[in-house]
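Reader: I'm new to this one. Can you walk me through how some of its parts pack?

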Amino acid sequence: MRVLLLGSSNDTGSWVRQTEKKHVLAGERLEAELGEPVEWVVKGVWPTPELPGLVERWVEESQPDLVYVNTGSYWFLYRSVPLRVERLLGRVGGERLGDAGARVAKSKRWAYNAPFRFTRRVLQATIGGDTNFTTQQVIDRMSDCVRIAARAEGAVVVVKGPHGKARLSARKRAFERDERERLKLHKALEDLCAELHVTYDGVGEGGVRNQPAFLGGTTVGDGLHANEVRHVHEADVLYQGIRAGIVAAGRLGPAASGHQAT
């Protein structure tokens with residue numbers, strides 16, 4: 001079985017060893033259950049206007065048996081201080097201050113530095129930050145991607161909505177604001193998947209507070225990317241979601257206590 005995984009930098013980056021990544025762990029479970037090899041085509045997605053065209057090309061090139069579409073809360077909930085500075089001040093001395101700040105934030109020298117991460121949190125709570133995309137932009141672009149995947153002949157499609165496994169806003173009011181935005185995307189994808197008759201794995205109102213990844217010790221030094229502990233948790237989410245899609249397509253019998261996907 002060939003799976004086209006439309007994932008994130010957690011899947012394509014080198015934050016953990018390849019053998020510890022969620023798709024490798026999920027693939028081992030799927031291979032044991034299906035009795036056949038599982039081949040992964042892994043692509044990191046970023047919901048720019050160009051993304052639907054890229055997804056169409058990836059589907060055509062890989063001819064997958066299953067397309068797994070991941071949507072991330074980081075895209076439209078994480079508030080970046082460098083982005084806020086860039087949009088407020090623009091270019092100073094020929095260089096975007098936001099670009100310079102982003103380079104610092106991505107540098108291991110700084111991103112893995114506890115005082116820097118503390119300062120980042122303070123700035124986010126005081127001057128605030130801007131998101132990379134609006135909720136509506138994510139809804140529009142990911143909906144187009146789901147429609148493209150659903151057109152792939154013979155392919156099972158599984159869509160994971162924004163589970164909200166990480167609290168990206170420390171203050172209660174900000175968290176409630178973010179939850180309203182997350183639920184907008186959740187509802188849009190849930191309705192679209194019902195319309196297209198594809199499997200949707202989402203977390204509705206209140207569910208985010210019960211996600212295991214709220215526990216500490218699930219990220220690498222930058223505080224944003226998943227470590228091996230979170231990959232184990234997300235491997236189960238990935239496996240269960242794919243399994244639910246295969247069962248819904250009539251290609252595998254249900255387990256005695258299976259995953260419920262809406």
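This is a predicted model: local features need pLDDT of at least 70, side-chain atom pairs count only at pLDDT 80 or more; totals for chains, interfaces and linings use all residues.

Reader: How far apart are the axes of α3 and α9?

Author: The axes are 9 Å apart. Helix α3 covers residues 51-62, and α9 covers residues 135-150.

Reader: Which residues make the contact?

Author: From α3, Leu51, Pro52, Val55 and Glu56. From α9, Arg141, Met142, Asp144, Cys145 and Ile148. By class, this contact has six nonpolar, no polar and three charged residues.

Reader: Is the crossing of α3 and α9 left-handed or right-handed?

Author: Right-handed.

Reader: Switching topic. What lines the second largest pocket?

Author: Its lining includes Glu56, Val59 and Glu60, along with Ile148 and Arg151. Helix α3 gives the most to the lining, with three residues. The lining has five nonpolar, one polar and four charged residues.

Reader: What volume does the second largest pocket have?

Author: About 190 Å³.

Reader: Back to α9. How does it sit against α10?

Author: Helix α10 spans residues 172-196. The axes of α9 and α10 come within 10 Å and cross at roughly 20 degrees, so these two helices are also roughly parallel to each other. Here α9 passes α10 in a right-handed crossing.

Reader: Which residues meet there?

Author: On α9, they include Val138, Ile139 and Val146. On α10, they include Leu185, Ala188 and Leu192. The contact of α9 with α10 has nine nonpolar, two polar and three charged residues.

Note on methods:
Residues are numbered from 1 along each chain as its sequence is written. Side-chain values use heavy atoms; hydrogens and water are left out. Axes are lines fitted to C-alpha atoms, for helices over the stretch in contact, and angles run from 0 to 180 degrees between N-to-C directions. Helices (H or I, at least four residues) and strands (E, at least two) are DSSP runs, numbered from the N terminus. A crossing is left-handed if the near helix is turned anticlockwise from the far one by less than a right angle, and right-handed if clockwise. Contact means heavy atoms within 4.5 Å. Ala, Val, Leu, Ile, Met, Phe, Trp, Tyr, Cys and Pro count as nonpolar, Asp, Glu, Lys and Arg as charged, and the others, Gly among them, as polar. On a 1 Å grid over the protein atoms alone, a cavity is a set of points where a 1.4 Å probe fits but cannot get out, and a pocket is an open set with protein on both sides within 12 Å along at least five of seven lines; lining residues have an atom within 4 Å of a point. Grid points are joined across faces, edges and corners, and a volume is the space filled by probe spheres set on the points. Angles under 35 degrees count as roughly parallel, over 145 as roughly antiparallel, 65 to 115 as roughly perpendicular and the rest as oblique.
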